[in-house]
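Please keep the sequence and the coordinates at hand while reading.

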Amino acid sequence: MKVRMNSVAKTLVAAAALACASGASAQSAGQFTAKFGLNELTPKVVSGDISAPALPGTKADVESDIQPVLIFAYGLTDNISLEAALGTPYKHKIVGAGSIAGTGELGSVEALPPTVFAQYRFFAPTATFRPYIGIGATYAYFMKARGSGKLTALTNPGGDPTTFEIDNKFTYTGQIGVAMNLSERWFADVTVNKSKLRTDVHFSTGQTQHMKLDPVAVVLALGYKF
């Protein structure tokens with residue numbers, strides 16, 4: 001599943017144009033909602049070099065992953081809400097880049113980025129379409145990091161297998177989305193989240209690597225209003 005940013009932008013434009021249309025009641029003050037969907041998490045990587053004695057330009061890239069997600073929200077007012085998500089860890093392959101591009105998989109890591117959002121929802125609760133924006137606090141937690149034989153060959157040839165750890169980080173995430181009512185209780189939702197994330201990788205060989213990840217998440221979900 002690939003969802004392009006321009007497609008989401010067109011959806012938001014359409015939502016703004018149609019937002020005056022009357023529909024079923026949307027999220028309002030004191031109301032809980034839950035939505036279930038799929039989230040594609042794509043790191044936008046700018047990689048530093050693995051420190052010496054690795055070859056200059058020894059960089060890495062991180063592939064995207066799709067996982068199910070369950071998201072809960074509560075309306076503080078008709079326009080302001082809080083949102084939090086539960087999901088399974090994202091499983092990312094780490095591949096060679098820069099001077100080692102094409103060498104294949106260097107390792108893998110699982111990431112769990114719990115985030116709590118404060119949101120502002122435009123238009124009245126009776127609007128059919130409700131665009132919204134949000135800002136959230138994220139804790140990027142990395143686990144189950146595994147190096148491959150190729151990583152060992154690059155960092156410790158002929159030695160013990162190289163392992164690594166990635167620093168966990170607190171950061172912030174911006175959000176833009178739109179909800180569309182399908183009935184009195186059911187709604188569809190599309191959301192784009194972008195985090196600013198810088199972290200460091202520490203290898204068992206004593207080498208390090210700085211990584212700018214800045215992941216973009218695209219969520220397609222079906223929701224229910226309680």
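Contact here means that heavy atoms lie within 4.5 Å. The model is a predicted one, and residues up to four places away in sequence are not counted when Asn-193 is said to touch Phe-117, Thr-173, Gly-174, Gln-175, Pro-215, Val-216, Ala-217 and Val-219.

Asn-193 belongs to strand 12, which spans residues 186–195. Its relative accessible area is 13%, and because buried means under 20%, Asn-193 counts as buried. Among the residues that Asn-193 touches is Gln-175, and between the side chains of Asn-193 and Gln-175 there is also a polar contact, at 3.3 Å.

Gly-30 sits in the loop that runs between helix 1 (5–18) and strand 1 (32–42). With a relative accessibility of 43%, Gly-30 is classed as partly exposed, because that class covers the values between 20% and 50%. When neighbours within four places in sequence are left aside, Gly-30 is in contact with Tyr-74 and Gly-75. For Gly-30 and Tyr-74, which are 44 residues apart along the chain, the C-alpha atoms are separated by 6.7 Å.

The two residues can be set side by side.

| Residue | Relative accessible area | Class |
|---|---|---|
| Asn-193 | 13% | buried |
| Gly-30 | 43% | partly exposed |

Of the 226 residues in the protein chain, 43% are buried, while the chain exposes about 11100 Å², of which carbon and sulfur atoms supply 64%. Among the contacts in the protein chain with a separation of 6 or more, 70% are accounted for by residues 24 or more positions apart.

Where is empty space left? Rolling a probe the size of a water molecule over the atoms shows this. The largest pocket holds about 750 Å³ of space. This pocket is lined by 50 residues, and those closest to its centre are Leu-41, Tyr-90, Ala-111, Leu-112 and Pro-113. Which strand gives the most to the lining of the largest pocket? That is strand 7 (residues 105–112), which contributes five residues. Sorted by class, the lining of the largest pocket consists of 32 nonpolar, 15 polar and three charged residues.

Methods: Residues numbered from 1 in each chain as written. Predicted model: local features only at pLDDT ≥ 70, side-chain atom pairs only at ≥ 80, totals over all residues. Heavy atoms only, no water. Helix = DSSP H or I, 4+ residues; strand = E, 2+ residues; numbered from the N terminus. Buried < 20%, exposed > 50% of the residue type's maximum accessible area, 1.4 Å probe, protein only. Polar contact = N/O pair within 3.5 Å; in protein donor to acceptor, adjacent residues only side chain to side chain. Areas by Shrake-Rupley, 256 points an atom, 1.4 Å probe, with all protein chains shown as cover. 1 Å grid on protein atoms, 1.4 Å probe; cavity = no way out; pocket = protein on both sides within 12 Å on 5 of 7 lines; lining within 4 Å. Points joined across faces, edges and corners; volume = space filled by probe spheres on them. Nonpolar A, V, L, I, M, F, W, Y, C, P; charged D, E, K, R; others polar.
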